[in-house]
Amino acid sequence: MSALEIVLAAALATLTVLFAVQSAALSRARRRVRWLEDTSSRPRLTVPTPSEAVRTVVGTAIKLREHGVAGTIRSSIDDLAGWADVERPDLAQLAAADGTVTIMFSDIEGSTQLNHDLGDRGWVQLLARHDRLLTKAIRAHDGHVVKTQGDGFMVAFAEASQAVGAACAIQRALARARGGRLADVRVRIGAHRGSAVHRDGDLFGSNVALAARVAAQAHGAEVLVSDAVIDALAPDGPTVLEAREATLKGIPGVQRLHLLDWRT
């Protein structure tokens, strides 16, 4: 084979390789075009423009200003169904040896008026301080926050003494803080002890409802508990300042409630 024939053979081989590469690229391009044509009618994710995003933010701000924070935050102890979960402790393990649990409810007395007086920004700042104070006392007494919304807390304790200890500690801490930023905050606290249904990190049953009703009977800066809590406390527990008889919504009969002295 002459030199010229060798050169031509090499050139032909090179052209063959280049043609194969170009054919493969062309084939991929055609498949891409067909895929795009097939998906042109599919719904696509739309990204809002900057102006649309601004309108959304402004609209939310207007709603908040019109309805206020109080319009979207429920503070009633009585409204159990709408409260949002905060923690999901193993509540079955939290129960005492006899299978009972002590449930404490709290909220701020006159919260709607406070929100109005402070404005939304001031109210949210006050709630943050309130929450820190309560959480500290609850953790110090081995309590578990089950639910919270706005200024309302639902807390579970294994022992009645822990619940009462946390409630009294909260009231003492608030009393010390009344000279400062929590000057106008008066929290009402109530507790009851009994069995409860544990499901999905939540507590249900008549005893939960009774605990909420007890708290609803309390006034600001009071700790009010049921007979069941008193019966579970040691003789050297907090002093009972007075006993009250009350008919509680949805609870048959007359209930005897006890006002505790948290100052000692």
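## Strand pairing around β4

Strands β2 (residues 101-108) and β4 pair in the antiparallel sense over 5 bridges; two strands pair if DSSP finds at least two bridges between them. Threonine 102 stands opposite phenylalanine 157 in β4. Helices (H or I, at least four residues) and strands (E, at least two) are DSSP runs, numbered from the N terminus. The model is predicted: local features need pLDDT of at least 70, side-chain atom pairs count only at pLDDT 80 or more, and totals for chains, interfaces and linings use all residues. Residues are numbered from 1 along each chain as its sequence is written, and side-chain values use heavy atoms, with hydrogens and water left out.

Strand β3 (residues 144-149) also runs antiparallel to β4, joined by 5 bridges, and valine 145 has valine 155 as its bridge partner in β4. The β3-β4 hairpin has 2 residues between the strands, and glycine 150 takes a positive phi near 60 degrees there.

## Burial of β4

In β4 (residues 152-157), 6 of 6 residues are buried (under 20% relative accessible area; exposed is over 50%, partly exposed in between; 1.4 Å probe, protein chains only). Gly152, Met154 and Ala156 point one way, and Phe153, Val155 and Phe157 the other.

## Salt bridges

The count comes to 5 salt bridges, each a side-chain nitrogen of Lys or Arg within 4 Å of a carboxyl oxygen of Asp or Glu. One of them joins aspartate 107 and arginine 188 (2.6 Å, N to O). Aspartate 107 lies in β2 and arginine 188 in β5 (residues 187-194), so this pair ties together parts 81 residues apart in sequence. Aspartate 107 is buried at 2% relative accessibility, as is arginine 188 at 19%.
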